[in-house]
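Here is the note you asked for, written for someone who is opening this entry for the first time. Please read it with the display in view.

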Amino acid sequence: MAADEARTDFEEGARLALGDLLNRVLDKGVVISGTVTISVADVDLIQLGLNLYLTALEGHARSRLESRSHGGSDADIPLLPPQREG
Amino acid sequence: MVDPMPTYLYCLLNEKADPPHGLTGLAEMAVRQLVVPVATEGVIAAWVSDVARGEVERGPEGARTHDSVCAAALATGTTPLPARFGQLFDSDEACATHLAERLPDLLPAFRRVAGAVEMAVTALLPASAAAPVTATGVATGREYLLRLREAHRHEAELASMSAHLRERIADAVGGLSREEAVRLSLTPRPHVAISHLIARAGEGAYRRALAPLATGSEPGAVVVTGPTAPYTFATLDS
């Protein structure tokens, strides 16, 4: 039970981490000029699609977890969550 | 006369660096180097591609493609200044003109991220503290105000947990971090994301420093991601 909970937390954490990276791409980085053609309204559209995209990433996060448990590389692999008692 | 295709900007480097052969960006267009001479500082190399107006993939897949180009630039060994997603110029010349105008701001930005990468830690906040509290569907004004007060209390609790976690992570990372930035999100699941600007060679030490947090008493998952181009720390002063 605790292991299942930890795995669920891990997958959700991995999903949110990937979402955070995409949000940084959309919201951070240097802005050179006012000629940005994707307006605020368009960014809203991007974020609307983000939730759908994150859902699709669940399978990706799961496969990474399995890769780690089978001795995959530690590079860019999220750390495991704490094990909980009970 | 046919108008040139617009130029899409991915990132900037402060030295010449050819994109890997076959690297494509938005709309599967080839990524190329646009060199802008700088009188006293050598060159600025912009990684760009042609892209027809209306063909910029505005969904998350576009952001992912943008990041893949910045990641390829990071892999050259020189840290790029990643551009914010969505910057389109009328032509290469227009892009170069804007870059030349921003030169006084770009040079300190290059110095800030030189030799560094961005790492990030994302931590879930406890689900017990994340119970949804809404002020909708209530019968009386008193009930509404009580729910509102509970929502504020809940947010303050999450902010306090986030601050505590940030302190623990800062202690663990110690001198590895040149700079940090904290993002607290309440939706869709409360979590805190902390970015660090660290030296390229410090990735292994950074991961080892944070490993104990994943096996201690912290609630929820602690996830480390990176290295990525330093989006969070790529800002211009004006």
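**Notes on the predicted model**

1. In chain B, 73% of the contacts between residues at least 6 apart in sequence join residues at least 24 apart, where contact means heavy atoms within 4.5 Å. For chain A, residues 24 or more positions apart account for 76% of the contacts with a separation of 6 or more.

2. This is a predicted model, in which local features need pLDDT of at least 70 and side-chain atom pairs count only at pLDDT 80 or more, while totals for chains, interfaces and linings use all residues. Residues are numbered from 1 along each chain as its sequence is written, chains are lettered from A and ligands numbered from 1 in the order in which they are written, and side-chain values use heavy atoms, with hydrogens and water left out.

3. The secondary structure of chain B comes to five helices and nine strands, and from the N terminus on these elements run β-β-β-α-β-β-α-α-β-α-β-β-α-β; helices (H or I, at least four residues) and strands (E, at least two) are DSSP runs, numbered from the N terminus. Chain A, by contrast, has two helices and zero strands.

4. Of the 238 residues of chain B, 49% count as buried, and in chain A buried residues make up 44% of the 86 residues. Here buried means under 20% relative accessible area, exposed over 50%, and partly exposed in between, with a 1.4 Å probe and protein chains only. The accessible surface comes to about 10,900 Å² for chain B, of which 54% belongs to carbon and sulfur atoms, and to about 4,500 Å² for chain A, where 54% likewise belongs to carbon and sulfur; these areas come from the Shrake-Rupley method with a 1.4 Å probe, and for residues only the protein chains shown count as cover.

5. The largest nonpolar core has 27 residues, and those with the most contacts inside it are Ile32(A), Leu12(B), Leu81(B) and Leu106(B); such a core is a set of buried Ala, Val, Leu, Ile, Met, Phe, Trp, Tyr and Cys residues joined through side-chain atoms within 4.5 Å. In chain B, strand S1 (7–13), strand S2 (32–38), strand S3 (42–50), helix H2 (92–101) and helix H3 (103–113) each supply at least two residues of this core, and H3(B) gives the most, with six residues. Apart from it lies another core, of 25 residues, among them Cys11(B), Leu13(B), Ala45(B) and Ala73(B).

6. Which residues does Leu12(B) touch, not counting those up to four places away in sequence? They are Val30(A) and Ile32(A) from chain A, together with Ile44(B), Ala45(B), Ala46(B), Pro80(B), Leu81(B), Leu99(B), Leu106(B) and Phe110(B).

7. The buried residues of H2(B) are Asp92(B), Cys95(B) and Leu99(B). They cover an arc of only 65° around the axis, which puts them on the same side of H2(B), the arc being that of the directions from the helix axis to the C-beta atoms. An α-helix has 3.6 residues a turn, so residues three or four places apart point the same way. The face of H2(B) turned away from its buried side carries the exposed residues Glu93(B) and Glu101(B), and what covers the buried residues includes S1, S2, S3, strand S5 (88–89) and H3 of chain B.

8. The structure holds zero disulfides over all chains, a disulfide being a pair of cysteine sulfur atoms within 2.5 Å. For Cys11(B), the nearest cysteine sulfur is that of Cys70(B), 4.5 Å away, whereas for Cys95(B) it is that of Cys11(B), 11 Å away. Cys11(B) is buried, with a relative accessible area of 0%, and Cys95(B) also counts as buried at 0%.

9. Arg178(B) lies in strand S7 (residues 177–185) of chain B and is partly exposed, with a relative accessible area of 43%. Its side chain reaches the backbone oxygen of Arg112(B) at 3.5 Å, and a polar atom of that side chain lies 3.0 Å from the backbone oxygen of Ala114(B).

10. Gln33(B) is found in strand S2 of chain B, and its side chain reaches the backbone nitrogen of Ala17(B) at 2.6 Å. The side chain of Gln33(B) also makes a polar contact with the side chain of Asp18(B) (2.8 Å); a polar contact is a pair of N or O atoms within 3.5 Å, where within protein one must be able to donate a hydrogen and the other to accept it, and residues adjacent in sequence count only if both atoms are side-chain atoms.
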